[in-house]
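Hi,

Here is the structure I said I would pass on. Have a look, and then read on for my notes.

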Amino acid sequence: MTIGNLMRLLSDGEVHSGEQLGEALGVSRAAVWKQLKKLDALGVELVAVKGRGYRLAYPLEPLDGAKIVERLPASARHLLTRLFIEDQLPSSNEYVRERFAQGAGHGEVCFAELQTAGRGRRGRVWSTPWGQSLMLSLGWRFESGVNALEGLSLAVGVAVAQVLEQYGVSPKLKWPNDILLAEKGSELGKLAGILIEVTGDAAGPCEVVIGIGMNLSLPDSLRAAIDQPVAALFDAKAGISRNQLAADMVSELLDMLAGFENEGFAPWRDEWNSRHAYAGLPIRIIQGERSNDAVAREVDESGNLWVTENDHSRRLSGGEISVRRRL
């Protein structure tokens, strides 16, 4: 019995007794109880109904590879080499990197219901309960080398934003890797993060893994433990199908990647700037132990962020630089 099998049984939202769950999974009630305790530790909120059993506190739609593929347009199916749905992984990015090491990886997508060692930029941990986020990694091989990747993380951000806008949500983009969303008229919180990892030659072929983690639901206990403003998609727009959202994300990303090597970031520049969360606003630039105050301007055709600092313009080119809104 895996946690994934148990979650799929509970995902119908109905009350299930320990005996029913044990029979369906071929295990004892005691084994079911142990797995239910594990779910609680993983942040999955359960409701105990006295004398009847357990149900999930919130509806949940497990990811289904067949449903995702059947919802892809023909163009995306042509570009998709393989789709993996994993119940639990240390890291979906690591999974796709290993696929590249095995001679595969290009055009492959891996979704994980739960990551135990997921990372964001600068080594930060990305953690959400089982099935309550959208975590995917996509592998793509570029023939033109690392220089062809300028602005890729920003183009990914635009692609994700365009998908969300189809659902009536209006995200903002934070340079260089975050998608933000205002919750119920409050301040912008982090909805999703992008992590791009590159291996290969500066001038020759290189292999890119694009990782995206998006909050769909956030239990209050987890929200309170996060040390920055956060947002969850289902708070802004309930009723979205996870499998449809997954298909839309894969389709938009594959379509973007198919043209990026030849066109670069330039076609995406205006789209990014139109969603720029901090355009014209005071920001704090943090680089290692140093921090400077500046005013954010637009990004250029290479994805660099221009800022005004002490009446002088300069550009930020990513790396280990963090930009935060200065209040």
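First, the ground rules. This is a predicted model, so local features need pLDDT of at least 70 and side-chain atom pairs count only at pLDDT 80 or more, while totals for chains, interfaces and linings use all residues. Residues are numbered from 1 along each chain as its sequence is written, and side-chain values use heavy atoms, with hydrogens and water left out.

On to the sheet. It is open, has 7 strands in the order 3-4-5-9-8-7-6, and its pairing is mixed. Strands (E, at least two residues) and helices (H or I, at least four) are DSSP runs numbered from the N terminus, and two strands pair if DSSP finds at least two bridges between them. Strand 3 (82-89) and strand 6 (172-174) are at the edges with a single partner strand each, so one side of each has no neighbour in the sheet. From one strand to the next, the twist averages 20 degrees. Strand 4 (residues 108-115) runs antiparallel to strand 5 (residues 133-142), with 3 bridges, and Val-109 sits opposite Leu-138 of strand 5.

Next, the helix pair. Helix 7 (residues 152-165) and helix 10 (residues 242-263) have axes that come within 9 Å and cross at roughly 140 degrees. Those axes are lines fitted to C-alpha atoms, for helices over the stretch in contact, with angles from 0 to 180 degrees between N-to-C directions. As for who touches whom, helix 7 brings residues including Val-160 and Val-163, and helix 10 brings residues including Met-249 and Phe-260; contact means heavy atoms within 4.5 Å. The residues of this contact split into 13 nonpolar, 1 polar and 2 charged, where Ala, Val, Leu, Ile, Met, Phe, Trp, Tyr, Cys and Pro count as nonpolar, Asp, Glu, Lys and Arg as charged, and the others, Gly among them, as polar.

Met-249, in helix 10, is worth a click. Its relative accessibility is 1%, so Met-249 counts as buried (under 20% relative accessible area; exposed is over 50%, partly exposed in between, with a 1.4 Å probe and protein chains only). Beyond its neighbours within four places in sequence, Met-249 contacts Leu-134, Leu-136, Val-160, Val-163, Ile-212 and Met-214. Leu-136 is 113 residues away along the chain, with 9.4 Å between the two C-alpha atoms.

Last, Ser-91, in the loop between strand 3 and helix 6 (92-101). Ser-91 is buried too, because its relative accessibility is 12%. Leaving out neighbours within four places in sequence, Ser-91 touches Gln-115 and Ala-117.

Cheers
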